[in-house]
Amino acid sequence: MPEKAVDDVMDSAVGAHFSGLRLEALRLSTPSAPSSPSSAKAAAAAAHSNGVVYANGVGASSADAAELVSPSALRQPFVIGVSGGTASGKTTVCDMIIQQLHDHRVVLVNQDSFYRGLTAEESAHAQDYNFDHPDAFDTEQLLECMGQLKRAQPVNVPIYDFKNHRRSSESFRKVNASDVIILEGILVFHDQRVRNLMDMKIFVDTDADIRLARRIRRDTVERGRDVSSVLEQYGRFVKPAFDDFVLPSKKYADVIIPRGGDNHVAIDLIVQHIRTKLGQHDLCKIYPHVYVVQSTFQIRGMHTLIRDRDITTPDFVFYSDRLIRLVVEHGLGHLPFTEKQIITPTGSIYMGVEFCKKLCGVSIVRSGESMENALRACCKGIKIGKILIHRVGDNGQQLIYHKLPMDIAERHVLLLDPVLGTGNSANQAIELLIRKGVPEERIIFLNLISAPEGIQCVCKRFPRLKIVTSEIDTGLSEEYRVIPGLGEYGDRYFGTDN
Ligand SMILES: Nc1ncnc2c1ncn2[C@@H]1O[C@H](COP(=O)(O)OP(=O)(O)O)[C@@H](O)[C@H]1O
Ligand SMILES: Nc1ccn([C@@H]2O[C@H](COP(=O)(O)O)[C@@H](O)[C@H]2O)c(=O)n1
Ligand SMILES: [Mg+2]
């Protein structure tokens with residue numbers, strides 16, 4: 001690219017946001033082609049398998065892992081509650097989720113395991129016992145087990161036999177501490193203390209007639225009952241308890257799955273959500289300065305829209321802007337502050353804080369410019385610099401042009417690029433900022449999506465820099481594209497795609 005043209009690009013791009021004008025062309029001799037995706041993938045895979053290290057050492061798979069992960073970076077496991085009426089398909093749905101995930105870091109805990117065993121006398125009149133009432137479960141023991149798992153300790157879960165209504169006296173099922181715990185049962189949303197353990201609640205909603213038909217088949221085939229006893233128990237206890245306890249707890253659900261295991265779309269979405277959580281867990285454990293905006297279904301919904309190849313440009317811009325705003329706000333939360341006391345209109349003292357004033361934005365041209373408006377909306381009058389990284393041919397040479405505030409060395413820098421792919425251009429930009437005197441720990445790199453390979457590449461080189469992102473994707477393709485990704489972000493945002 002001729003220097004004049006670049007000058008024009010930079011001048012038109014930079015607008016009137018700062019006065020310190022510099023243009024410098026750097027010819028880099030170090031090859032900067034993306035590091036091979038296979039080696040990056042191998043590194044990501046290694047980190048993936050090593051990432052699960054527990055406070056008590058359970059599950060640590062290598063000595064390297066212990067070095068990589070600092071105990072302060074450990075997070076709580078992600079707990080998913082699955083409720084619904086009897087024979088709605090709860091166990092089936094959980095089994096499908098676990099099978100699809102194919103990941104050892106997910107464990108299932110069944111509320112059924114915590115049924116109180118009947119005494120000999122109660123067993124003799126089992127037909128009169130209400131197994132659908134909350135008192136039929138030892139909820140204290142369930143809470144204790146879940147507490148242990150949350151504290152990353154393995155637990156022995158009882159084994160319950162539906163045929164004789166007793167727990168096995170000799171054997172237990174050993175459940176290891178894991179990153180994702182799924183807790184399923186008819187009444188897991190009933191007790192507030194159990195509900196409070198959950199990060200996500202799913203209700204499996206299946207038509208009552210279908211449930212009854214399935215229950216008759218299951219209980220006669222698997223639980224040693226005959227049809228008339230199933231029907232009698234259903235009318236006397238199961239249905240009334242469903243109406244009194246199970247159905248009223250549906251209101252606590254975040255997600256309702258109609259048709260249970262037949263609803264493949266819902267199961268795929270949940271699997272995808274858990275995968276995202278697992279990816280975040282590993283990388284956030286390994287790199288304590290990686291922050292992922294807390295996922296909500298609003299955020300997931302916006303990602304679903306902007307990742308859809310058929311979305312219109314105005315919608316892409318609208319939802320990208322909303323997401324970017326969240327990332328920017330989160331990033332600003334990592335800036336230092338000073339305490340400040342003010343007087344409110346009621347004459348009272350309010351002990352507050354004052355924002356850090358010495359900051360600026362730097363966008364990596366061109367797609368990083370799409371994040372500038374959100375930054376300006378949050379920080380009135382903020383100076384925004386630009387860095388353009390231009391590849392010259394295929395030999396790895398790059399030209400870097402920049403326009404940065406004169407006093408950038410004294411500022412905190414919010415580096416803007418919506419997609420962190422290989423991490424190579426991000427590293428070039430960060431190196432330049434450091435050469436300009438910005439300390440590594442004063443740089444916050446903001447993106448919408450990040451590939452694990454990019455996070456590894458940047459964090460290994462700049463371990464004190466912070467990365468704030470809204471989702472971590474699966475990885476890079478052979479062509480270094482983020483997968484599932486969202487395509488050429490700049491073209492989609494500025495409407496220059498086809
Ligand atoms: N989508 C489905 N189609 C047909 N049968 C199903 C389906 N989902 C579950 N079942 C069967 O219905 C019975 C009840 O399912 P289960 O998953 O045990 O329900 P829950 O755990 O909610 O009681 C089981 O025998 C199971 O094999
Ligand atoms: N000894 C027992 C214990 C429980 N039940 C019934 O099991 C149902 C809960 O399990 P799901 O897999 O169907 O959710 C519940 O409705 C109890 O009536 C039983 O029959 N015998
Ligand atoms: Mg079940």
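# Close-up views of a predicted model

View 1. Cysteine 94 counts as buried because its relative accessibility is 0% (buried means under 20% relative accessible area, exposed over 50% and partly exposed in between, with a 1.4 Å probe and protein chains only). Cysteine 459 is in no disulfide: the nearest cysteine sulfur belongs to cysteine 457 and sits 9.4 Å away (a disulfide is a pair of cysteine sulfur atoms within 2.5 Å). With a relative accessible area of 5%, cysteine 459 is buried too.

A word on ground rules before the next views. This is a predicted model, where local features need pLDDT of at least 70 and side-chain atom pairs count only at pLDDT 80 or more, while totals for chains, interfaces and linings use all residues. Residues are numbered from 1 along each chain as its sequence is written, chains are lettered from A and ligands numbered from 1 in the order in which they are written, and side-chain values use heavy atoms, with hydrogens and water left out.

**View 2. Isoleucine 444 in strand β17.** Strand β17 runs over residues 443–446 and includes isoleucine 444 (helices, H or I of at least four residues, and strands, E of at least two, are DSSP runs numbered from the N terminus). Isoleucine 444 is buried, at 3% relative accessibility. Leaving out residues up to four places away in sequence, isoleucine 444 touches Gly331, His334, Leu335, Val413, Leu414, Leu415, Lys466 and Val468 (contact means heavy atoms within 4.5 Å). Valine 290 is 154 residues from isoleucine 444 in sequence, yet their C-alpha atoms are 9.9 Å apart.

**View 3. Threonine 469 in strand β19.** Threonine 469 belongs to strand β19, residues 466–469, and is buried at a relative accessible area of 0%. Its side chain reaches the backbone oxygen of asparagine 447 at 3.3 Å. That is a polar contact, meaning a pair of N or O atoms within 3.5 Å; within protein, one must be able to donate a hydrogen and the other to accept it, and residues adjacent in sequence count only if both atoms are side-chain atoms. Not counting residues up to four places away in sequence, the residues that threonine 469 touches include Tyr291, Val292, Val293 and Val327.

**View 4. Ligand 1 and its shell.** Around ligand 1 are residues including Gly85, Thr86, Lys90, Arg214 and Asp262 (near means that a heavy atom of the residue lies within 4 Å). Helix α4 (90–101) and helix α8 each supply at least two shell residues, and α4 gives the largest share, three residues. A polar backbone atom of glycine 89 is 3.0 Å from an oxygen atom of ligand 1. On the nitrogen side, an N or O atom in the side chain of aspartate 262 is 2.9 Å from a nitrogen atom of the ligand.

**View 5. Ligand 2 and its shell.** Here 17 residues surround the ligand, and the closest are Thr86, Lys90, Asp132, Tyr160 and Arg215. A polar side-chain atom of threonine 86 lies 2.6 Å from an oxygen atom of ligand 2, while the side chain of histidine 165 has an N or O atom 2.8 Å from a nitrogen atom of ligand 2. The protein buries 99% of the 470 Å² that ligand 2 exposes when taken alone. Helices α8 (208–221) and α9 (227–246) each supply at least two residues of this shell.

Conventions:
Accessible areas come from the Shrake-Rupley method with a 1.4 Å probe; for residues, only the protein chains shown count as cover.
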